[in-house]
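Here are my notes on the model you asked about, written as numbered points. Keep the structure open while you read and look up each residue as it comes along.

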Amino acid sequence: MKSFLAFLVAMGIIVALGDAYCFGKHYKPGKADKGCMLNGKLYPLGHIERTEDCYRCDCSRTEMRCCSIFSTPVAYDKENCEVIFNEETCDYDVVQKDDPSKECSRVARVG
């Protein structure tokens, strides 16, 4: 019973930390008939798997709802490591300051 309770607590923490950053944008009637605008780019109606800004979105004539597909590093060795956004993978790399070709270990992420 104790291990089951520990499992439930752990899953609750993972779900809380795993929430992606999401936002929505409502449109007036007739405003989004050709698609949805996000950061100056027009996206088609329907599901958008990945925007240029690394979001997954759903676009309709009345609203656009998007969630990030990247996770943000929150706990890492800030003295020896730095965070660099990788546009190709839509995620942050945490690398050693003195040798950016090496990743830092023990990184906690949110999102």
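**Notes on the model**

1. Let's start with the surface. The chain exposes about 8,000 Å², and carbon and sulfur atoms supply 55% of that area. Keep in mind that this is a predicted model. Of the 111 residues in the chain, 22% count as buried.

2. Now the parts list. The chain has one helix and 10 strands. As for how the chain meets itself, take the contacts with a separation of 6 or more: residues 24 or more positions apart account for 37% of them.

3. Four strands form it in the order 1-6-5-4, and the pairing is antiparallel. Which strands stand at the edges? They are strand 1 (22-26) and strand 4 (46-48); each has a single partner strand, so one side of each is left without a neighbour in the sheet. From one strand to the next, the twist averages 15°. As a bit of background, strands of a sheet pair through backbone hydrogen bonds, either parallel or antiparallel.

4. Zoom in on one pairing in that sheet. Strand 1 and strand 6 run antiparallel and are joined by five bridges. If you want a spot to check by eye, His 26 stands opposite Glu 63 in strand 6.

5. Strands 8 and 9 are worth a look too. Strand 8 (residues 81-86) and strand 9 (residues 91-96) run antiparallel, with six bridges joining them. They make a hairpin with four residues between the strands. Here Phe 85 stands opposite Tyr 92 in strand 9. The ring centres of Phe 85 and Tyr 92 are 4.9 Å apart and their planes lie at 70°; planes over 60 degrees apart count as edge-to-face, so this pair is edge-to-face. Are these two residues buried, exposed or partly exposed? Phe 85 counts as partly exposed at 32% relative accessibility, and Tyr 92 counts as partly exposed at 23%.

6. A search of the whole structure finds seven aromatic pairs. One of them is Tyr 55 with Phe 70, an edge-to-face pair with 5.9 Å centre to centre and 70° between the planes. Tyr 55 lies in strand 5 and Phe 70 in the loop between strand 6 and strand 7, so the pair ties together parts that are 15 residues apart in sequence. Both Tyr 55 and Phe 70 are buried. Now put the rings together: Tyr 21, Phe 23, Tyr 55, Phe 70, Phe 85 and Tyr 92 form one aromatic cluster.

7. The charged end of Lys 78 sits over the ring of Tyr 76, 4.8 Å from its centre.

8. Two residues have a backbone angle to look at. Asn 39 has a positive phi of about 50° although it is not a glycine, and Cys 90 has a positive phi of about 55° although it is not a glycine either. Asn 39 lies in the loop between strand 2 (36-38) and strand 3 (41-43), while Cys 90 is found in the loop between strand 8 and strand 9. Which one is buried and which is exposed? Asn 39 counts as exposed because its relative accessibility is 62%, and the cut-off for exposed is over 50%. Cys 90 has a relative accessible area of 1%, so it is buried.

9. Finally, two buried loop residues. Thr 51 is in the loop between strand 4 and strand 5 (55-59). Its relative accessible area is 3%, and buried means under 20%, so Thr 51 is buried. What does Thr 51 touch, leaving out residues up to four places away in sequence? Its contacts are Leu 38, Tyr 43 and Cys 57. Ser 71 is in the loop between strand 6 (63-68) and strand 7 (72-75). With a relative accessible area of 15%, Ser 71 is buried as well. Ser 71 and Asp 91 are 20 residues apart in sequence, yet 6.2 Å apart in space from C-alpha to C-alpha.

Notes
Residues numbered from 1 in each chain as written. Predicted model: local features only at pLDDT ≥ 70, side-chain atom pairs only at ≥ 80, totals over all residues. Heavy atoms only, no water. Buried < 20%, exposed > 50% of the residue type's maximum accessible area, 1.4 Å probe, protein only. Contact = heavy atoms within 4.5 Å. Areas by Shrake-Rupley, 256 points an atom, 1.4 Å probe, with all protein chains shown as cover. Pairing = 2+ DSSP bridges. Axes fitted to C-alpha atoms, helices over the stretch in contact; angles between N-to-C directions. Phe/Tyr/Trp six-rings, centres within 6.5 Å; stacked < 30°, edge-to-face > 60°. Lys NZ or Arg CZ within 6 Å of the ring centre and 35° of its normal.
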